[in-house]
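User: I'm new to reading protein models. Can you take me through this one?

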Amino acid sequence: MATLSRRELLAALGALPLLPRLGRGASRPIPTVSQLLWQRDELALFIHFGVNTFTDREWGDGRESPSIFAPDALDARQWARTARAAGARARVLTPKHHDGFCLWPTATTRHSVASSPWRGGQGDLVREFTDACRAEGLRAGLYLSPWDQNAPVYSDSPRYDRFYCDQLTELLTRYGPIHEVWFDGANGEGPNGKRQVYDWPRYWGLVRQLQPEAVMFSDAGPDVRWIGNERGVAGETNWSTVDPTIVPRPGMTGDEVMRSLTEGDRDGTVWRPGETDTSIRPGWFWHPDQDDKVRSVDDLVELHFTSVGRNSKLLLNVPPTRHGLLHDTDVARLTAMRARLDAQFGRPVPVREAPITTEGPAGATFERPTTIGVVELREEIESGQRVARHRVEVLRGTTWHEVGRGTTIGYKRLYRIDPVRASAVRVHVDDAVLSPRPIAVASYPPA
């Protein structure tokens, strides 16, 4: 493997972006083109599938026989069609979870689909997944667990680093453009009872080298950070900027670490927006006893408000069954969620054309008095994130009434308010790290 230059190494650590920047934001960090694309997707589906699906476990132990991996009706296009119908623009697959079983025919181990009965040992699920994504107009992402309970070289750090980088290289060179590379900090024991010391700069640098337009997710980024929980709830305060010294590597814990993951940092020196991940079911892998525990449509809609509506992106896990299909209940809930969101946000209240400036409160005057139930605010994040505290008011008759207040806005901030008949809406910026750029304001009828 080629030696990384100092510039590539610094880029992998988040100290120097390799991707093009969109202008200058004074001394404030601003997003890369890839980070903007990632955030504008708003929703991606996570796909956990592997030997755990067949053992009814959440975490395997690496001793599972590849012979149990035998989906009899696997249809990656069904997964992709469902994602597109749900309004997702990207998906992330788990080619290898902590058990070490690989969903592609890798040269690094026999513990893979090549040793399974699926497709007669000739299958490649990563190929089917990425092909289906492109056929349905979706971006593809991959999650390669660093913890491997099957690999005999795990905890022999130099050997396992080579092993892991070889797997990354296969995944990032065989399947075309990869939009997101997903890491976590899981670091348990290997087959010999010891733990590995991960060479994160090397892993991140390899991704930069092989897929320079991909964003990398982990607790520590370097491009996208974990939001700090798996409940689907981003912080009410959520800066896309962070201080990289607080969480320099994945797997760190502590109160200040969790605060930074959840809220970001007002004076952060790098742009690292938060990704809000959760599952449509109690578990990440499919379990038959959870078929009646799928999130309700109301709950799924609420996730949109607590993730996308708080300057984050929602990564929603939807696990296939042992047949290799998404369950009918999951598909129906996702379809209904999208219909509900389209109905909610498909009819913005018409406004009179009027310029929005940074002088005084930003807002919009309606064509006629209208009952509203949701207010949407957006910053021009191409120039960075600036608003630190704000208030939302609506005009009833001749009097302005406050209906919401908060801290950050960022890419999008959504307020559900008690239905009110109003003729205008405005937002006051009470605190900002720099002079605010124009804030886009939209209003919607009650659900």
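User: Which residues is Trp-286 in contact with, leaving aside its neighbours within four places in sequence?

Analyst: Quick background: this is a predicted model, where local features need pLDDT of at least 70, side-chain atom pairs count only at pLDDT 80 or more, and totals for chains, interfaces and linings use all residues. Residues are numbered from 1 along each chain as its sequence is written, and side-chain values use heavy atoms, with hydrogens and water left out. Contact means heavy atoms within 4.5 Å. On that basis, the partners of Trp-286 are Thr-53, Asp-56, Arg-281, Asp-291, Pro-319, Pro-320, Thr-321, Arg-322 and His-327.

User: Is Trp-286 buried or exposed?

Analyst: Trp-286 sits in the loop between strand 9 (274–279) and helix 9; helices (H or I, at least four residues) and strands (E, at least two) are DSSP runs, numbered from the N terminus. Buried means under 20% relative accessible area, exposed over 50%, and partly exposed in between (1.4 Å probe, protein chains only). Trp-286 has 9% relative accessibility, so it counts as buried.

User: Why do helix 9 and helix 10 count as oblique to each other?

Analyst: Axes are lines fitted to C-alpha atoms, for helices over the stretch in contact, and angles run from 0 to 180 degrees between N-to-C directions. Under 35 degrees is roughly parallel, over 145 roughly antiparallel, 65 to 115 roughly perpendicular, and the rest oblique. Helix 9 (residues 297–306) and helix 10 (residues 328–345) have axes 9 Å apart and pack at about 55°. Therefore helix 9 and helix 10 come out as oblique.

User: At what angle do helix 4 and helix 5 pack?

Analyst: Helix 4 (residues 76–85) and helix 5 (residues 125–135) have their axes 8 Å apart. Helix 4 and helix 5 are therefore oblique to each other. The angle at which they pack is about 40°.

User: What kind of aromatic pair do Tyr-143 and Trp-182 make?

Analyst: Rings of Phe, Tyr and Trp (its six-membered ring) pair if their centres lie within 6.5 Å; planes under 30 degrees apart are stacked, over 60 edge-to-face, and the rest tilted. Searching the whole structure turns up 24 aromatic pairs. For Tyr-143 and Trp-182, the centres are 4.7 Å apart and the planes at 65°, so the pair is edge-to-face.

User: How many residues apart are Tyr-143 and Trp-182?

Analyst: Both Tyr-143 and Trp-182 are buried. Tyr-143 is in strand 3 (residues 139–144) and Trp-182 in strand 4 (residues 180–182). The pair links distant parts of the chain, 39 residues apart.
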